Amino acid sequence: MVGWAMIGCGSVTEVKSGPGLYKAERSSLIGVYNRTQSRAEDWVARHKAGKVYGSLEKLLGDPAVDIVYIATPPDSHLFYTQACAEAGKAVYCEKPMARTYREAQAMVGLCETHQVPLYSAYYRRGLSKFHQIKGLLESGAIGAVQSVSILMQKEVSVEERSESPPWRIDPAISGGGHFHDIGSHALDLIDWFFGPITYAQGFGANRGGYYAADDQVVGHFQTEGGVSGMGLWLFNTHSTLDVTTIYGEQGKISYSVLALDEPIVVETKKGKEILVSDPAPLHVAQPLIQSIVDELLGIGVAPSTGASAARTDWVLERLSAPLQK
(Lines give C-alpha, C1' and ligand atoms only; values in the text may rest on other atoms or scores of the structure.)
Protein backbone atom coordinates (compact mmCIF):
# COMPACT_ATOMS: atom_id res chain seq x y z
CA MET A 1 0.00 0.00 0.00
CA VAL A 2 0.99 3.60 -0.63
CA GLY A 3 0.05 6.05 2.09
CA TRP A 4 -0.97 9.57 1.09
CA ALA A 5 -1.31 12.82 2.98
CA MET A 6 -3.01 15.87 1.49
CA ILE A 7 -2.23 19.55 2.05
CA GLY A 8 -5.14 21.83 1.22
CA CYS A 9 -8.89 21.21 1.02
CA GLY A 10 -10.02 23.44 -1.84
CA SER A 11 -12.55 22.67 -4.56
CA VAL A 12 -10.00 20.71 -6.61
CA THR A 13 -9.91 18.06 -3.86
CA GLU A 14 -13.66 17.47 -3.61
CA VAL A 15 -14.33 15.38 -6.73
CA LYS A 16 -11.48 15.77 -9.21
CA SER A 17 -8.58 14.48 -7.17
CA GLY A 18 -9.08 13.92 -3.45
CA PRO A 19 -11.24 10.77 -3.64
CA GLY A 20 -8.74 9.19 -6.01
CA LEU A 21 -6.21 9.06 -3.19
CA TYR A 22 -8.35 6.61 -1.21
CA LYS A 23 -10.13 4.91 -4.11
CA ALA A 24 -7.11 3.93 -6.21
CA GLU A 25 -5.91 0.36 -5.81
CA ARG A 26 -3.21 -0.24 -3.17
CA SER A 27 -3.65 3.36 -2.06
CA SER A 28 -4.89 4.94 1.16
CA LEU A 29 -5.35 8.47 2.45
CA ILE A 30 -3.67 8.68 5.85
CA GLY A 31 -4.50 12.26 6.71
CA VAL A 32 -5.22 15.86 5.71
CA TYR A 33 -3.70 19.17 6.73
CA ASN A 34 -5.10 22.63 6.12
CA ARG A 35 -3.97 25.94 7.59
CA THR A 36 -7.56 26.42 8.79
CA GLN A 37 -8.00 23.19 10.74
CA SER A 38 -11.80 23.33 10.70
CA ARG A 39 -11.75 22.98 6.92
CA ALA A 40 -9.68 19.81 7.18
CA GLU A 41 -12.05 18.47 9.84
CA ASP A 42 -15.04 19.17 7.58
CA TRP A 43 -13.38 17.51 4.58
CA VAL A 44 -12.45 14.37 6.52
CA ALA A 45 -15.93 14.12 8.04
CA ARG A 46 -17.66 14.36 4.69
CA HIS A 47 -15.31 12.04 2.80
CA LYS A 48 -14.97 9.60 5.69
CA ALA A 49 -11.31 9.17 4.84
CA GLY A 50 -8.11 9.95 6.68
CA LYS A 51 -7.45 11.89 9.85
CA VAL A 52 -6.73 15.54 10.55
CA TYR A 53 -3.20 16.75 11.19
CA GLY A 54 -3.02 19.65 13.61
CA SER A 55 0.22 20.89 12.07
CA LEU A 56 2.41 20.44 9.03
CA GLU A 57 5.11 19.00 11.28
CA LYS A 58 2.81 16.20 12.40
CA LEU A 59 2.01 15.31 8.80
CA LEU A 60 5.66 15.26 7.80
CA GLY A 61 6.59 13.21 10.84
CA ASP A 62 4.04 10.48 10.20
CA PRO A 63 5.91 7.32 9.08
CA ALA A 64 2.73 5.98 7.42
CA VAL A 65 2.88 8.77 4.83
CA ASP A 66 4.84 7.92 1.67
CA ILE A 67 3.73 10.78 -0.59
CA VAL A 68 2.07 14.17 -0.12
CA TYR A 69 -0.48 15.70 -2.48
CA ILE A 70 0.00 19.49 -2.49
CA ALA A 71 -3.44 20.84 -3.39
CA THR A 72 -2.79 24.49 -2.60
CA PRO A 73 -2.47 27.51 -4.95
CA PRO A 74 0.88 27.84 -6.75
CA ASP A 75 2.29 30.52 -4.44
CA SER A 76 2.90 27.88 -1.74
CA HIS A 77 4.02 24.97 -3.95
CA LEU A 78 7.74 25.63 -3.51
CA PHE A 79 7.44 25.99 0.26
CA TYR A 80 5.52 22.74 0.74
CA THR A 81 7.68 20.84 -1.77
CA GLN A 82 10.80 21.83 0.14
CA ALA A 83 9.25 20.76 3.45
CA CYS A 84 8.16 17.39 2.02
CA ALA A 85 11.45 16.70 0.26
CA GLU A 86 13.46 17.47 3.38
CA ALA A 87 11.22 15.06 5.30
CA GLY A 88 11.84 12.32 2.71
CA LYS A 89 8.28 12.33 1.36
CA ALA A 90 7.49 11.97 -2.35
CA VAL A 91 5.50 14.90 -3.80
CA TYR A 92 2.45 15.09 -6.07
CA CYS A 93 1.85 18.77 -6.82
CA GLU A 94 -1.07 20.57 -8.41
CA LYS A 95 -0.55 22.33 -11.72
CA PRO A 96 0.79 24.66 -12.86
CA MET A 97 3.64 23.38 -10.75
CA ALA A 98 4.94 26.84 -9.86
CA ARG A 99 4.39 30.54 -10.49
CA THR A 100 7.64 30.79 -12.45
CA TYR A 101 10.07 28.52 -14.22
CA ARG A 102 12.70 29.45 -11.63
CA GLU A 103 10.46 28.18 -8.83
CA ALA A 104 9.76 25.01 -10.81
CA GLN A 105 13.49 24.40 -11.26
CA ALA A 106 14.00 24.84 -7.54
CA MET A 107 11.30 22.24 -6.80
CA VAL A 108 12.86 19.73 -9.17
CA GLY A 109 16.28 20.38 -7.67
CA LEU A 110 15.08 19.95 -4.09
CA CYS A 111 13.49 16.60 -4.84
CA GLU A 112 16.58 15.41 -6.72
CA THR A 113 18.82 16.48 -3.82
CA HIS A 114 16.72 14.60 -1.28
CA GLN A 115 16.14 11.68 -3.67
CA VAL A 116 12.34 11.76 -3.58
CA PRO A 117 10.05 11.49 -6.62
CA LEU A 118 8.19 14.59 -7.83
CA TYR A 119 4.97 14.30 -9.84
CA SER A 120 2.59 16.91 -11.26
CA ALA A 121 -1.19 16.84 -11.62
CA TYR A 122 -1.50 17.12 -15.40
CA TYR A 123 -4.09 14.36 -15.16
CA ARG A 124 -5.09 14.38 -18.83
CA ARG A 125 -2.02 12.23 -19.42
CA GLY A 126 -3.93 9.50 -17.61
CA LEU A 127 -7.25 9.71 -19.47
CA SER A 128 -8.34 7.38 -22.25
CA LYS A 129 -9.29 10.22 -24.64
CA PHE A 130 -5.75 11.52 -24.78
CA HIS A 131 -4.25 8.02 -24.83
CA GLN A 132 -6.43 7.43 -27.89
CA ILE A 133 -5.09 10.57 -29.58
CA LYS A 134 -1.53 9.54 -28.74
CA GLY A 135 -2.21 6.11 -30.21
CA LEU A 136 -3.58 7.63 -33.44
CA LEU A 137 -0.46 9.76 -33.81
CA GLU A 138 1.88 6.86 -33.14
CA SER A 139 0.03 4.64 -35.61
CA GLY A 140 0.44 7.19 -38.40
CA ALA A 141 -3.28 7.85 -38.80
CA ILE A 142 -2.58 11.29 -40.29
CA GLY A 143 0.95 10.65 -41.52
CA ALA A 144 3.98 12.59 -40.36
CA VAL A 145 2.87 15.42 -38.08
CA GLN A 146 3.71 18.88 -39.38
CA SER A 147 2.11 21.46 -37.10
CA VAL A 148 -0.33 22.18 -34.26
CA SER A 149 -2.88 24.94 -33.75
CA ILE A 150 -4.37 25.77 -30.33
CA LEU A 151 -7.39 28.05 -29.89
CA MET A 152 -8.87 28.55 -26.45
CA GLN A 153 -11.31 31.30 -25.51
CA LYS A 154 -13.91 32.13 -22.84
CA GLU A 155 -16.06 34.95 -21.58
CA VAL A 156 -15.30 37.02 -18.50
CA SER A 157 -17.48 35.82 -15.64
CA VAL A 158 -19.44 38.01 -13.24
CA GLU A 159 -17.10 36.93 -10.44
CA GLU A 160 -14.08 37.99 -12.47
CA ARG A 161 -15.59 41.46 -12.93
CA SER A 162 -16.04 41.89 -9.18
CA GLU A 163 -13.84 43.66 -6.65
CA SER A 164 -12.78 40.28 -5.23
CA PRO A 165 -11.82 38.15 -8.25
CA PRO A 166 -10.78 34.48 -7.86
CA TRP A 167 -7.19 33.71 -6.87
CA ARG A 168 -6.63 31.95 -10.19
CA ILE A 169 -6.50 35.31 -11.98
CA ASP A 170 -4.24 36.94 -9.38
CA PRO A 171 -0.67 36.60 -10.74
CA ALA A 172 0.84 37.03 -7.27
CA ILE A 173 -0.86 33.78 -6.23
CA SER A 174 -1.24 31.79 -9.45
CA GLY A 175 1.64 33.10 -11.53
CA GLY A 176 -0.73 34.26 -14.25
CA GLY A 177 -4.37 33.93 -15.22
CA HIS A 178 -6.44 31.45 -17.19
CA PHE A 179 -3.51 30.86 -19.54
CA HIS A 180 -1.53 29.37 -16.67
CA ASP A 181 -4.53 27.60 -15.13
CA ILE A 182 -6.21 25.95 -18.14
CA GLY A 183 -4.06 26.91 -21.12
CA SER A 184 -1.23 24.93 -19.56
CA HIS A 185 -3.12 21.67 -20.16
CA ALA A 186 -2.98 22.14 -23.94
CA LEU A 187 0.77 22.77 -23.87
CA ASP A 188 1.46 19.88 -21.51
CA LEU A 189 -0.29 17.54 -23.95
CA ILE A 190 1.92 18.79 -26.81
CA ASP A 191 4.94 17.89 -24.64
CA TRP A 192 3.48 14.42 -24.01
CA PHE A 193 2.52 13.75 -27.64
CA PHE A 194 5.64 15.05 -29.36
CA GLY A 195 8.37 15.59 -26.79
CA PRO A 196 9.63 18.78 -25.14
CA ILE A 197 8.95 22.19 -26.62
CA THR A 198 12.42 23.67 -27.08
CA TYR A 199 11.49 26.99 -28.69
CA ALA A 200 8.65 29.28 -27.62
CA GLN A 201 8.00 32.95 -28.24
CA GLY A 202 4.95 35.08 -27.63
CA PHE A 203 3.42 37.83 -25.56
CA GLY A 204 0.64 38.35 -23.07
CA ALA A 205 -1.61 41.37 -22.68
CA ASN A 206 -4.54 42.59 -20.65
CA ARG A 207 -7.17 44.14 -22.89
CA GLY A 208 -10.27 43.99 -20.73
CA GLY A 209 -8.86 45.49 -17.56
CA TYR A 210 -11.16 43.45 -15.32
CA TYR A 211 -8.32 41.85 -13.37
CA ALA A 212 -4.53 41.95 -13.08
CA ALA A 213 -3.61 38.87 -15.15
CA ASP A 214 -3.24 38.67 -18.92
CA ASP A 215 -6.56 37.98 -20.63
CA GLN A 216 -4.93 37.11 -23.95
CA VAL A 217 -1.76 35.31 -25.01
CA VAL A 218 -0.47 34.88 -28.56
CA GLY A 219 2.53 32.77 -29.45
CA HIS A 220 4.32 30.12 -31.48
CA PHE A 221 6.55 27.20 -30.57
CA GLN A 222 8.47 24.19 -31.85
CA THR A 223 9.21 20.80 -30.30
CA GLU A 224 12.61 19.13 -30.24
CA GLY A 225 11.36 16.86 -33.03
CA GLY A 226 10.51 19.79 -35.29
CA VAL A 227 6.73 19.95 -34.86
CA SER A 228 5.80 23.64 -35.08
CA GLY A 229 2.78 25.21 -33.47
CA MET A 230 0.88 28.38 -32.77
CA GLY A 231 -1.59 29.31 -30.08
CA LEU A 232 -4.20 31.94 -29.33
CA TRP A 233 -5.69 32.14 -25.85
CA LEU A 234 -8.49 34.73 -25.38
CA PHE A 235 -10.26 35.07 -22.04
CA ASN A 236 -12.23 38.25 -22.68
CA THR A 237 -14.44 37.43 -25.63
CA HIS A 238 -18.06 36.66 -26.50
CA SER A 239 -18.12 32.87 -26.25
CA THR A 240 -16.35 29.74 -25.11
CA LEU A 241 -14.30 27.72 -27.59
CA ASP A 242 -11.56 25.13 -27.18
CA VAL A 243 -10.06 23.29 -30.11
CA THR A 244 -6.59 21.93 -30.77
CA THR A 245 -5.85 20.72 -34.30
CA ILE A 246 -2.87 18.54 -35.20
CA TYR A 247 -1.97 18.66 -38.90
CA GLY A 248 -0.23 15.75 -40.60
CA GLU A 249 0.82 15.04 -44.17
CA GLN A 250 -2.26 12.87 -44.69
CA GLY A 251 -4.89 14.50 -42.50
CA LYS A 252 -5.67 16.23 -39.24
CA ILE A 253 -6.92 15.44 -35.73
CA SER A 254 -9.04 17.91 -33.77
CA TYR A 255 -10.05 17.71 -30.12
CA SER A 256 -11.11 19.72 -27.10
CA VAL A 257 -8.61 19.82 -24.26
CA LEU A 258 -11.07 20.90 -21.57
CA ALA A 259 -14.30 19.15 -22.61
CA LEU A 260 -13.26 15.62 -21.74
CA ASP A 261 -16.32 13.89 -23.19
CA GLU A 262 -16.28 15.65 -26.56
CA PRO A 263 -15.28 13.32 -29.43
CA ILE A 264 -12.05 13.27 -31.39
CA VAL A 265 -12.41 14.28 -35.06
CA VAL A 266 -10.08 12.69 -37.63
CA GLU A 267 -10.17 14.04 -41.20
CA THR A 268 -8.27 12.55 -44.15
CA LYS A 269 -8.90 12.27 -47.89
CA LYS A 270 -11.07 9.26 -47.05
CA GLY A 271 -13.45 11.50 -45.13
CA LYS A 272 -14.28 12.50 -41.58
CA GLU A 273 -14.38 10.10 -38.65
CA ILE A 274 -15.87 10.93 -35.24
CA LEU A 275 -14.25 8.90 -32.47
CA VAL A 276 -15.83 8.62 -29.04
CA SER A 277 -13.53 7.68 -26.19
CA ASP A 278 -14.39 5.93 -22.96
CA PRO A 279 -16.19 8.37 -20.63
CA ALA A 280 -13.96 10.26 -18.25
CA PRO A 281 -14.15 8.82 -14.73
CA LEU A 282 -15.96 10.72 -11.99
CA HIS A 283 -12.65 11.42 -10.28
CA VAL A 284 -10.71 12.51 -13.34
CA ALA A 285 -7.31 12.53 -11.64
CA GLN A 286 -7.66 8.96 -10.35
CA PRO A 287 -6.03 7.23 -13.38
CA LEU A 288 -2.97 9.46 -13.00
CA ILE A 289 -2.96 8.88 -9.24
CA GLN A 290 -3.09 5.14 -9.92
CA SER A 291 -0.05 5.41 -12.19
CA ILE A 292 1.85 7.21 -9.42
CA VAL A 293 0.90 4.52 -6.90
CA ASP A 294 2.00 1.84 -9.35
CA GLU A 295 5.34 3.55 -9.96
CA LEU A 296 6.02 3.92 -6.24
CA LEU A 297 5.31 0.19 -5.86
CA GLY A 298 7.61 -0.63 -8.77
CA ILE A 299 4.91 -1.97 -11.09
CA GLY A 300 4.36 0.92 -13.49
CA VAL A 301 5.44 4.32 -14.76
CA ALA A 302 3.74 7.66 -14.07
CA PRO A 303 3.53 9.91 -17.15
CA SER A 304 3.42 13.33 -15.45
CA THR A 305 6.57 14.25 -13.56
CA GLY A 306 8.11 17.31 -12.01
CA ALA A 307 10.53 17.50 -14.93
CA SER A 308 7.74 17.51 -17.54
CA ALA A 309 5.72 20.06 -15.55
CA ALA A 310 8.76 22.33 -15.24
CA ARG A 311 9.12 22.24 -19.02
CA THR A 312 5.53 23.43 -19.34
CA ASP A 313 6.22 26.23 -16.85
CA TRP A 314 9.12 27.31 -19.08
CA VAL A 315 6.82 27.43 -22.12
CA LEU A 316 4.14 29.36 -20.20
CA GLU A 317 6.72 31.94 -19.21
CA ARG A 318 8.12 32.30 -22.73
CA LEU A 319 4.73 32.59 -24.41
CA SER A 320 3.27 35.12 -21.98
CA ALA A 321 6.26 37.46 -21.75
CA PRO A 322 5.47 41.19 -21.83
CA LEU A 323 5.26 42.60 -25.33
CA GLN A 324 8.52 44.20 -26.40
CA LYS A 325 7.85 47.40 -28.35
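Predicted model: local features only at pLDDT ≥ 70, side-chain atom pairs only at ≥ 80, totals over all residues.
Glutamine 115 sits in the loop between H5 and strand S6, residues 118-120.

You'll find arginine 26 in the loop between helix H1 (18-23) and strand S2 (27-33). Arginine 26 is partly exposed, with a relative accessible area of 33%.

Which bond is cis, with omega near -15°? That's the one from lysine 95 to proline 96. Proline 96 belongs to the loop that runs between strand S5 (90-93) and helix H5 (101-113).

Okay, on to H4, residues 77-86, and how it packs on H5. The two axes are 9 Å apart, at an angle of about 5°. With angles under 35 degrees counting as roughly parallel, H4 and H5 are therefore roughly parallel to each other. Who makes the contact? On the H4 side it's His77, Leu78, Thr81, Gln82 and Ala85. On the H5 side we have Glu103, Ala106, Met107, Leu110 and Cys111. By type, the residues of this contact come out as 6 nonpolar, 3 polar and 1 charged.

Which residues of H4 are buried? His77, Tyr80, Thr81, Ala83, Cys84 and Ala85. H5 is one of the elements covering them, and the cover also includes strand S1 (2-7), S2, helix H3 (56-60), strand S4 (67-70) and S5. Then, just after H4, glycine 88 takes a positive phi of about 80°.

Last topic: rings. How many aromatic pairs does the structure hold? There are 8. Phenylalanine 179 and tryptophan 233 pair edge-to-face, 4.8 Å centre to centre with 70° between the planes. This pair ties together distant parts of the chain, since phenylalanine 179 is in helix H8 (residues 178-194) and tryptophan 233 is in strand S10 (residues 228-234), 54 residues apart. Phenylalanine 179 and tryptophan 233 are both buried.

The other pair also involves H8. Phenylalanine 193 and tyrosine 255 have ring centres 6.2 Å apart and planes at 85°; over 60 degrees counts as edge-to-face, so that's what this pair is. Again distant parts of the chain are linked: phenylalanine 193 is in helix H8 and tyrosine 255 is in strand S12 (residues 251-255), 62 residues apart. Phenylalanine 193 is buried, and tyrosine 255 is buried as well.

Phe193 and Tyr255 also belong to a cluster: ring pairs join them up with Phe130, Trp192 and Phe194. Tryptophan 192 has a charge to look at as well, with the charged end of lysine 134 sitting over its ring, 4.9 Å from the centre. And elsewhere on my list, arginine 161 lies over the face of tyrosine 210, at 4.4 Å from the ring centre.

That's what I've got. Happy to go back to any of these on the screen.

Definitions and conventions. Residues numbered from 1 in each chain as written. Heavy atoms only, no water. Helix = DSSP H or I, 4+ residues; strand = E, 2+ residues; numbered from the N terminus. Buried < 20%, exposed > 50% of the residue type's maximum accessible area, 1.4 Å probe, protein only. Phe/Tyr/Trp six-rings, centres within 6.5 Å; stacked < 30°, edge-to-face > 60°. Lys NZ or Arg CZ within 6 Å of the ring centre and 35° of its normal. Axes fitted to C-alpha atoms, helices over the stretch in contact; angles between N-to-C directions. Parallel < 35°, antiparallel > 145°, perpendicular 65-115°, else oblique. Contact = heavy atoms within 4.5 Å. Nonpolar A, V, L, I, M, F, W, Y, C, P; charged D, E, K, R; others polar.
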